[in-house]
Amino acid sequence: MMIRKRYVDVDVHFDSSGNVRPKYIYWDEGKKYEVEHVYDVREAASTKAGGQGLRFTVRVLNKETYIYYENPAWFVEEKVY
Amino acid sequence: MDRVILHSDMNSFYANVECLYHPEFAGKPVAVGGSVESRHGIILAKNQEAKKYGVRTAEALWEARQKCPGLIIVPPRYSLYQRFSQKARHIYYQYSEQVEPFGLDESWIDITGSGNIVGHRTGEEIAHEIRQRVKEELGLTVSIGVSWNKIFAKFGSDYKKPDAVTVITRDNYKDIIYPQDVGDLLYVGYATRKKLRSAGIWTIGQLANTPLEFLHNRLGKMGEMLWLFAAGLDVSEVKRFNPAKKDNDLVIKSIGNSMTTPRDLVNIGDVRLVVYLLTESVGMRLREAGFLCQVVGISVRNKALASFTRQYKIGKPTDLTKEMAATAMQLFLENYDFNIDMAIRSLGVRAMALVPASTPIQVDLFTDEQQRIKQAKLEKSIDNLRRRFGNNAIRRAITLGDDKMSVLDIKSDNVIHPVGFFQQAEE
């Protein structure tokens, strides 16, 4: 299993202070998945995917995963089998 | 009470940033090189693996490839490196307001007054925390030196690479620093090292043990400064960081060379020779830095130590030695008369109002552009020959007859005193 850097379409909410939160992530066949919860936000590098940005630890489809805001785009660590 | 100063140095900076973005390069020799197409590019940075093959910064790409046939070379992405440089500085800024960047990949951090943040932790512990954070948050490694002054802190960061912390204390500095080559001391460049070695000073310890008066006689103010450095007596402040300033790096505003001539200049021929020597060096540096200048200035000082400067705005931005020297000579002729004035002791030529070399130039009806392009090619070839074989490999015929002048290698002997180091710290 390999990790690949995948840029994704994301629906995002900006609050009046400029804080950004991902709301929905678009995946294959245009399917839209809700970001159920955000556990953590911090600057982090993804050595596996090959990038760096604001890393959100989120729950999607009841599973915990990362999504990175690499201003101006968003990427995830896609598992490739 | 001693200060606690950190010096953070990002290892193989450009190369490691590129490796972060290319996980497929893991374990391979990688370098960041300029101008691959023109075949005249040089290595700007190399990673740990490439270092093992002997790849060196500033050497030609073909040389590096010879040493390391599997070397991966990628072009530089300066905006990306700027981004990481800023991010690193923001991490440092969380530990102190006194964060002084030194180029994109280095910064001094003074945590002496950061009691409320640092608590009872030692400089070493903070250094390790910073090192860890840069690794996790930015995916890059740093080497950090900890000491009571900027010079030793910088020495510490150079000592162990990559990904390490070195503490230079009052108990160990003589063991760690003094045996090292004097060229490893900050601001001891090629020329100064040569001068010190010729005076019998080869190590930093020897420098520290040399009488101050001797150093003052041999190297002037510089000698005193270096002695202070070697003795751990540098008291220069780590300046305050201004996060609002987008670019904390010094921008080159002008490039100049000046010299006190080995003998007095008594006629126009003498002056022309020196002006050309100086302008050659300025031209080479201008071309290397990728700039054109719009104003040429001269500075003149005579035997009575009276001096003046003059400048002239030229029609077209240029980096051609021929054009700049002609302007400099013109300025001189208009402002000096050997019949009235005395012999000259010192001359300077400066290229000012710089613009990037990629700036498009408006062509006019009166100038022979073909000739200018030919001249540019010629000067570029001369640059390349000098880069490969030394600055004296090719020289103007005018310098050959004169014994004293022909041995001058202005470009190599050029010492650029970083403006930042000598500026007063802001209140």
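This is a predicted model: local features need pLDDT of at least 70, side-chain atom pairs count only at pLDDT 80 or more; totals for chains, interfaces and linings use all residues.

Trainee: Okay. What makes B:Asp270 count as buried?

Mentor: Set its value against the cut-off. Buried means under 20% relative accessible area. B:Asp270 has 10% relative accessibility, so it counts as buried. You'll find B:Asp270 in helix α13 (residues 268–289) of chain B.

Trainee: Which residues does B:Asp270 touch, leaving out those up to four places away in sequence?

Mentor: B:Asp270 touches B:Arg263, B:Asp264 and B:Leu265. Touching here means heavy atoms within 4.5 Å.

Trainee: Then why is B:Leu212 called partly exposed?

Mentor: Partly exposed is the range between the two cut-offs, under 20% for buried and over 50% for exposed. B:Leu212 has a relative accessible area of 35%, so it is partly exposed. It belongs to helix α11 (residues 212–219) of chain B.

Trainee: What is B:Leu212 in contact with, apart from its neighbours within four places in sequence?

Mentor: B:Leu212 is in contact with B:Glu224 and B:Trp227. B:Trp227 is 15 residues away from B:Leu212 along the chain, and their C-alpha atoms are separated by 7.0 Å.

Trainee: What about a whole element? Why do you call strand β6 of chain B largely enclosed?

Mentor: Count its residues. Five of the five residues of β6(B), which covers residues 106–110, are buried, so the strand is largely enclosed by the rest of the structure. Look at both sides, too: B:Glu106, B:Trp108 and B:Asp110 point one way, B:Ser107 and B:Ile109 point the other way, and all are buried.

Trainee: How do you know that β6(B) pairs with strand β1 of chain B?

Mentor: Pairing takes at least two bridges between the strands. β1(B), residues 5–10, and β6(B) are joined by five bridges and run antiparallel, so they pass that test. For one example, B:Asp9 has B:Glu106 as its bridge partner in β6(B).

Trainee: And what joins strand β5 of chain B to β6(B)?

Mentor: Three bridges, in the antiparallel sense, with β5(B) covering residues 99–101. B:Val99 stands opposite B:Ile109 of β6(B). The two strands form a hairpin with four residues between them, and B:Gly103 there takes a positive phi near 85°.

Trainee: What is found at the start of α7(B)?

Mentor: A side-chain oxygen of B:Asn149 comes within 3.0 Å of the backbone nitrogen of B:Ile151. The cut-off for a polar contact is 3.5 Å between N or O atoms, and that pair falls inside it.

Trainee: Zooming out, how do the two chains read as a whole?

Mentor: Chain A has zero helices and eight strands, while chain B has 18 helices and twelve strands. Of the 81 residues of chain A, 37% count as buried; for the 427 residues of chain B the share is 49%. Among contacts with a separation of 6 or more, residues 24 or more positions apart account for 38% in chain A and 66% in chain B.

Trainee: Last one: what is the volume of the second largest pocket, and which residues are closest to its centre?

Mentor: Its volume is about 640 Å³. Of the 18 residues lining that pocket, A:Trp27, A:Lys63, A:Thr65, A:Glu77 and A:Lys79 are the closest to its centre. Strand β7(A) gives the most to the lining, with five residues.

Definitions and conventions: Residues are numbered from 1 along each chain as its sequence is written. Chains are lettered from A and ligands numbered from 1 in the order in which they are written. Side-chain values use heavy atoms; hydrogens and water are left out. A polar contact is a pair of N or O atoms within 3.5 Å; within protein, one must be able to donate a hydrogen and the other to accept it, and residues adjacent in sequence count only if both atoms are side-chain atoms. Buried means under 20% relative accessible area, exposed over 50%, partly exposed in between (1.4 Å probe, protein chains only). On a 1 Å grid over the protein atoms alone, a cavity is a set of points where a 1.4 Å probe fits but cannot get out, and a pocket is an open set with protein on both sides within 12 Å along at least five of seven lines; lining residues have an atom within 4 Å of a point. Grid points are joined across faces, edges and corners, and a volume is the space filled by probe spheres set on the points.
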